[in-house]
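Me: I have a model open and would like to talk through its side-chain packing. Could you take it step by step with me?

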Amino acid sequence: MTSCPILKYLLLLTAFSAVLCADIPAHANAAQQPLVVTEDLAPYNYQQGRELKGPCNEIVLEILRRTTKGIPRGVRVLPWSRAYALARQVPNVALYSTVRSPEREHLFHWVGPIYHDDLVMMRRRGSAVKAANLEEAKKYTIGVMQDYAGEDLLRRNNFPKVHSLPGAPEQMVYMLAHDRVDLWLESWPSGMYYAARAGKPTGWIEPLFTVAREDLYVAFSLFSDQETIRRWSDTLQSMKEDGTYRKLIDRFEERLANNQLQ
């Protein structure tokens, strides 16, 4: 199979053409409306039934409400690797919540931060695995979701045993439960929520140490409309100035503290 980058781009563009054109009537101003995509990243942005929940969803939906002209395209929820590939290779795509890491800095245009999370090394409670820092963790097999910023971090720090997994994070809970991986590098409390979704009791996983505090952004693909990016950035700033942003975050953090997000 050819590895020609131009052909790869054309194939991806063709594969997503239906998504790019869906729900946009001919009279809507599609040129100024990015295709907005996200993943299921509980509790920051996730889908419950048909409802988008979590603070990052609420922030982006408010930006869309304030900036959209014509008929809005809404938000598409996709598996992360697919959404990430789409934003990497197709213009006028907005992807969130995206960690702004050194490896990604020049791959996107950035709007944010819209929130933050803590990247944490976790183990199954009761496991004999012990590590207090990255260096001590290198002797273990580390599970991480494919194309996450955590995978870049592990590669950058020369971890010898990295198991990256595409698909739903609940699959990593299975890997941890069956000792296919020793540790799991994931944002906290996301790992806790995915374990609960996989049917594990409260406290089944536990954090060993925090690896990094990550800022979460909206990542616009290269060659996106610059006026749209500027408008999104200005709108987010106005939300922070008028108190809307703080209100959404405070409500989330109160519910998080009381474990009321499921």
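Me: Leaving aside its neighbours within four places in sequence, which residues is tryptophan 232 in contact with?

Reply: This is a predicted model, in which local features need pLDDT of at least 70 and side-chain atom pairs count only at pLDDT 80 or more, while totals for chains, interfaces and linings use all residues. Residues are numbered from 1 along each chain as its sequence is written, and side-chain values use heavy atoms, with hydrogens and water left out. With contact taken as heavy atoms within 4.5 Å, tryptophan 232 touches Pro34, Val36, Val60, Ile63, Leu64, Thr67, Ala94, Val111, Val218 and Phe220.

Me: How is tryptophan 232 placed against phenylalanine 220, then?

Reply: Phenylalanine 220 and tryptophan 232 form an edge-to-face aromatic pair, 5.2 Å centre to centre with 90° between the planes. Rings of Phe, Tyr and Trp (its six-membered ring) pair if their centres lie within 6.5 Å, and planes under 30 degrees apart count as stacked, over 60 as edge-to-face and the rest as tilted. Phenylalanine 220 belongs to strand β10 (residues 205–221) and tryptophan 232 to helix α9 (residues 226–241), where helices (H or I, at least four residues) and strands (E, at least two) are DSSP runs numbered from the N terminus.

Me: Phenylalanine 220 and tryptophan 232: buried or exposed?

Reply: Both phenylalanine 220 and tryptophan 232 are buried, on a scale where buried means under 20% relative accessible area, exposed over 50% and partly exposed in between (1.4 Å probe, protein chains only).

Me: And which residues of α9 are buried?

Reply: In α9 the buried residues are Thr228, Ile229, Arg231, Trp232, Thr235, Leu236 and Met239. Seen down the axis of α9, they fall within an arc of 165°, so they line one face of the helix; the arc is that of the directions from the helix axis to the C-beta atoms.

Me: What do they pack against?

Reply: The buried residues of α9 pack against β1 (35–38), α3 (55–67), β5 (93–99), β6, β10 and α10.

Me: Switching to the cores, how many residues has the largest nonpolar one?

Reply: The largest nonpolar core has 61 residues, and those with the most contacts inside it are Ile59, Val218 and Trp232. Such a core is a set of buried Ala, Val, Leu, Ile, Met, Phe, Trp, Tyr and Cys residues joined through side-chain atoms within 4.5 Å. Its largest share, 7 residues, comes from β6.

Me: What does the second, separate core include?

Reply: That core of 16 residues includes Ile142, Leu183, Leu185 and Phe209.
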